[in-house]
Amino acid sequence: MRRQTRLGAAILTAVLLGAGAVPAAAQKSADTLRIVMRDALPNVDPYYNNLRTGVVMHHQGWDALVYRNPDTFKLEPLLATEWKLPDATTIEFTLRPGVKFHDGSAFTADDVVYTINLIADPASRLSTPSNYNWLEKAEKTGDLSVRVKLKRPNPAALEYFALVIPIYPKAYREKVGAEGYAKAPVGAGPYKMTKVEPGVSIDFERFEDYWAGSPKGKAAIKKMSVRFVPDAATEMTELLAGRADWIWNMNPDQIDPVNRMPHLQAVRKESMRIGYLSLDAAARTGADNPMTKLKVRQAIWYAIDRKAIAEKLVTGGSRVPSAPCIPSQFGCDGEVAATYDYNPAKAKQLLTEAGYPDGFDVELASYVLPQWGSAVQNYLHAVGIRAKLNQLQTAALIQRAKAGELRAYLGSWGSYSINDVSAILPNFFDGGADDYARDPDVQQWLVQGGSSISPEVRKEAYSAAIKKITEQAYWAPLHTYVTTYGHARQLDFTPYPDELPRFYLAKWK
Amino acid sequence: MSEPIAILPPQTLRVGTAGFAIGIAIVAVIAAAAVVGNSLVPYDPFTQDLGNRLKPPFWMEGSEAGHLLGTDQLGRDYLARLVYGARISLLIGIMTVITSGLIGITLGILGGFFGGRVDDFVLFAITTRLSIPVVLVALAVVGLMGSGLGLVVATLGLLLWDRFAVVARATTMQVRNHDYVSAAWCAGASMPHLLIKEILPNIASHLAVVATLEMALAILLEAALSFLGLGVPPPLPSWGLMIAEGKDYMFFSPWVIMIPGVALFVLVLGINLVGDGLRNLLGSERLR
């Protein structure tokens, strides 16, 4: 292995010299953290994108009412100092005095009421409606107190308040409008956004007036620049050439070699994300297509060696979830799920029975790492399904998926780091834009499970849904993610299992 | 034709001949590998083995006995893929030359022989073709019709005929007034006979050289298109595609892109050497 490394280093040096760059030390002197990511963010407004990149940005730039401690997963006060739950569909928040938004305006109950009423209104056309469709309205009960009414009980409501409900500044957003806000957003988080170029870059600067005593703390690093690049190879080049201080979701095969570089460090942390294969059982891409046949879908589940993908490709402790959710989530009952162990012979037999003895052609869109997509493609080819891999940018794929154009695609879902199946199943099975199953039974169970506060009732409903989903082989969970991070050794960065990098906690060594 | 008799210095001739021999050897070896190679390599180029990924080739530490050139990022045998890739490269090269040759030579001979309006049309077609950027058209075609082996051949074949046409036209103009053509004409030979039996054999040596150049170009273009994801669709192991798939690994497992890169380089070099050799050989023959 040593010889290999030396050769690698030699090539690397050649590349770097060719690029005219010397592996510079991290930008400690300029106090700027340079971040490079590949999921370009078309709209930085947290409610108008459903990319993980967007969630990450929103936790730097915005504050929510509640904070979830990343170590203990306990809920702590953030913009709200306390909250009460007088009944199953009401939450009363008392707000923190003396908090300022980035534009200098004071945070009040008006901002909270404005935000919640806006996101509760279906006419606002948010990117992930299933995250907010349980909210009914908010009303001001004092300058610093708000009452939120829910359409139905939601046991995970406060988690949603912590993770996906950042607060808008009412006066500013009404003044500039939704489009103006996306170009120059203002929040109350530890970093303020100084320049936004949609899909290209976002610049941040420490918010000096951030309220003292926040569990997020005042940011240690003064400036932060986020840049988007098209692919993993470019991302790695930027890191190796010293033009980036931090990247993530890098190819796990490169963890060891990156760790051997003197100025770099690579770490990984298990996350709440799962990779999945969506199949068009609902005939959205065309009536009577192969995916509408149960035996074809089951054949696909049998054809893919998910265990090998998890253990050999994803590595780092990745597992195969038996149910279509993350095992730690409430309601994610793996026991009732139908199991499909790797069995290509059975897959071929099922295909023959379904009327496709010679297989068929299908487009397989993907935004996961190219070699992971190729692995799935090869497994499908091995049983006769001629899948054509179409590697797309995340935002582009999601757009096509929502439009009902993708017969089969590979994606990943992080549940917004919410530890409850209501953050994953409804998104893919509630009859919305991402639902390629359109199963009325499942939809009904999900409504039942999402509108009760009794754990037994919820578990029962979700188990029924999981049983049907896996028996019908609608949506194949492939593997859990182990998030990889690569960064400059000079950077003191801690990854958390909720897959939310906290740059406001990072500092220079 | 009266031409000054050029006597090549013996040294150049020897180097030229050696180059020709090397070129022929390279092309022959690669062609043989393409035809029978996959029955000699004990692995299937498509079977992945995720437990056996990124094994280095035989000259590096940690290599595995069975996998001479190691395995790729999905555990597929690299030698099997390389050999299969040779088949695809040569297939594309030959098919493209046949397609483009048919178009280019026909147009060139017609233009060169008849002149006048016909020649104006041929010249116009050549100029039009030269003003079309190949990669851009390939991009558009793939965007509209999807990618595939046949489509790549068709696209390249329909685009790379210009040099055939130019050379065929110019050489036809040179030979059309020769006595044997006039003699055949007076003897009552039909037009197809004149073009095919009298003209074509006499310009064939020039066209053979063009064919080698075009073949090398087609192979390189296919690799470039496949690298961009616009050529041969995976999992077919085209060399360009192998380089593209190995791109993520180039920093730490450089052989993944070095091996297909070197193979591509050697094949194109071999074909070009054959072309040069042919030019020298046929050129000197004509002088005799």
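Which residues in H6(B) meet which residues in H8(B)? Arg163(B), Phe164(B), Val167(B), Ala168(B), Thr171(B), Thr172(B) and Val175(B) in H6(B) are in contact with Ile199(B), Asn202(B), Ile203(B), His206(B), Leu207(B), Val210(B), Leu213(B) and Glu214(B) in H8(B), where contact means that the C-beta atoms of two residues, placed from the backbone, lie within 7 Å. The residues of this contact divide into 9 nonpolar, 4 polar and 2 charged; here Ala, Val, Leu, Ile, Met, Phe, Trp, Tyr, Cys and Pro count as nonpolar, Asp, Glu, Lys and Arg as charged, and the others, Gly among them, as polar.

The model is a predicted one, in which local features need pLDDT of at least 70 and side-chain atom pairs count only at pLDDT 80 or more, whereas totals for chains, interfaces and linings use all residues. Residues are numbered from 1 along each chain as its sequence is written, while chains are lettered from A and ligands numbered from 1 in the order in which they are written.

**The two chains**

Chain A has 15 helices and 18 strands, and chain B has 10 helices and 0 strands; helices (H or I, at least four residues) and strands (E, at least two) are DSSP runs, numbered from the N terminus. The radius of gyration of chain A is 23 Å, close to the 23 Å that the globule rule gives for 509 residues, so chain A is as compact as a globular protein of that length. That radius is taken over C-alpha atoms, and the globule rule is 2.2 Å times the number of residues to the power 0.38. The pattern of chain B, read along the sequence, is α-α-α-α-α-α-α-α-α-α.

| Chain | Span along the principal axes (C-alpha atoms) | Buried residues |
|---|---|---|
| Chain A | about 70 × 65 × 35 Å | 51% of 509 residues |
| Chain B | roughly 75 × 50 × 30 Å | 45% of 288 residues |

A residue is buried if 20 or more other C-beta atoms, placed from the backbone, lie within 10 Å of its own, exposed if 12 or fewer do, and partly exposed in between. Of the contacts in chain A with a separation of 6 or more, 71% are between residues 24 or more positions apart; in chain B, 71% of the contacts between residues at least 6 apart in sequence join residues at least 24 apart.

Between the chains, 20 residues of chain B are in contact with 28 residues of chain A. On the side of chain B that touches chain A, 12 of the residues are nonpolar, 4 polar and 4 charged.

**Helices of chain B**

Two packed helices are described by the angle between their axes and the distance between the axes. For helix H6 (residues 162–175) and helix H8 (residues 191–227) of chain B, the angle is about 155° and the axes are 9 Å apart, the axes being lines fitted to C-alpha atoms over the stretch in contact and the angles running from 0 to 180 degrees between N-to-C directions. That angle makes H6(B) roughly antiparallel to H8(B), given that angles under 35 degrees count as roughly parallel, over 145 as roughly antiparallel, 65 to 115 as roughly perpendicular and the rest as oblique. The crossing of H6(B) and H8(B) is right-handed, meaning that the near helix is turned clockwise from the far one by less than a right angle.

H8 of chain B also takes part in covering the buried residues of H5(B), as do helix H2 (78–114) and helix H4 (134–145). In helix H5 (residues 149–159) of chain B, those buried residues are Val152(B), Val153(B), Thr155(B), Leu156(B), Gly157(B) and Leu159(B).

Helix H9(B) is mostly covered, with 8 of its 8 residues buried, among them Trp239(B), Met242(B) and Glu245(B). Glu245(B) has 25 C-beta neighbours inside 10 Å and counts as buried. Leaving aside residues up to four places away in sequence, Glu245(B) touches Asp72(B) and Gln73(B); the C-alpha atoms of Glu245(B) and Asp72(B) are separated by 9.0 Å, although these residues are 173 apart along the chain.

**Backbone features**

Most residues other than glycine have a negative phi, and most peptide bonds are trans. In chain B, a cis peptide bond with omega of about 10° joins Pro234(B) and Pro235(B), and Pro235(B) is found in the loop between H8 and helix H9 (239–246).

In chain A, Asp288(A) is not a glycine, yet has a positive phi of about 65°. Asp288(A) lies in the loop between strand S12 (264–279) and helix H8 (294–303) of chain A, and is exposed, with 8 other C-beta atoms within 10 Å. Tyr416(A), also not a glycine, has a positive phi of about 50° and is placed in the loop between strand S15 (408–413) and helix H13 (425–429) of chain A. Tyr416(A) is buried, with 22 other C-beta atoms within 10 Å.
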